[in-house]
Amino acid sequence: MILRCLRGAIPLSAAVVLSMASVATHVALAETAAMKIGGFTSQPIGHFDFCKRYPTECAVRSQGGQPERMSEQFRERLSALTLAVNEAVKPVNDTELFGREEFWTYPGRAGDCEDYVLEKRRILMQEGVSPSNLLITVVRKPDGEGHAVLTVRTDVGDLVLDNLSDVVKPWYETKYTYLKRQASTDTGRWVTIREDHAPLVGSVK
């Protein structure tokens, strides 16, 4: 799947944080607010190529570990990071930048959706967040085009960091169809995502 994921004219939110009421709801739904995954599936070609260039990035093995503990400080950090990277990187597709499609890499001043994901993931890992809780995720937008977001596993559910929005949201409050993501136990492998379990309170508005 070719990821078409450039940021359009989206108004910046004045408050790019989850409300405390929303967080409280997520705590109550902790067991159902996490994505349910299926078996191993194919690795996106862009990630396969990325792994050849950055082999250590794709060689992390773990037991999955515990999701990141949500706190007010961590919530604010996710929001601030989302806004900072979204503003720092100019959206330009891979063909324009590199003369080819699906070239996943860390961005300079410009990049495609997966490059935003890689940059946010790298920064959070440098700050001590486990790679098992920072998962590159492939979705389909309502218009049918492919897109990539960063899923952050937390004890209040899976949150999405997206270059098309400055607001950090629970995965089920986005309008995307979730296809697959990195395995939490192996950064070089991918798993399918089941959508038949989304909480009713998380229906798309």
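**Group meeting: a helix pair in a predicted model**

Let's start with the order of elements. From the N terminus on, the protein chain runs α-β-α-α-β-α-β-α-β-β-β-β-β-β. That is 5 helices and 9 strands. Please keep in mind that this is a predicted model.

Now the chain as a whole. The protein chain has 205 residues, and 50% of them count as buried. Its accessible surface is about 9,600 Å². Carbon and sulfur atoms hold 55% of that surface. What about contacts along the sequence? Take those between residues at least 6 apart: 68% of them join residues at least 24 apart.

Please find H3, residues 72–88, and H5, residues 113–126. How do their axes cross? They come within 10 Å and cross at roughly 135 degrees. The crossing is right-handed.

Which residues meet there? On the H3 side, look for Arg 77, Leu 78, Leu 81, Thr 82, Val 85 and Asn 86. On the H5 side, they meet Tyr 116, Glu 119, Lys 120, Ile 123 and Leu 124. By class, the residues of this contact divide into 6 nonpolar, 2 polar and 3 charged.

To recap the pair: H3 and H5 cross at roughly 135 degrees, and the crossing is right-handed.

Technical notes: Residues numbered from 1 in each chain as written. Predicted model: local features only at pLDDT ≥ 70, side-chain atom pairs only at ≥ 80, totals over all residues. Heavy atoms only, no water. Axes fitted to C-alpha atoms, helices over the stretch in contact; angles between N-to-C directions. Helix = DSSP H or I, 4+ residues; strand = E, 2+ residues; numbered from the N terminus. Left-handed = near helix turned anticlockwise from the far one by under 90°. Contact = heavy atoms within 4.5 Å. Nonpolar A, V, L, I, M, F, W, Y, C, P; charged D, E, K, R; others polar. Buried < 20%, exposed > 50% of the residue type's maximum accessible area, 1.4 Å probe, protein only. Areas by Shrake-Rupley, 256 points an atom, 1.4 Å probe, with all protein chains shown as cover.
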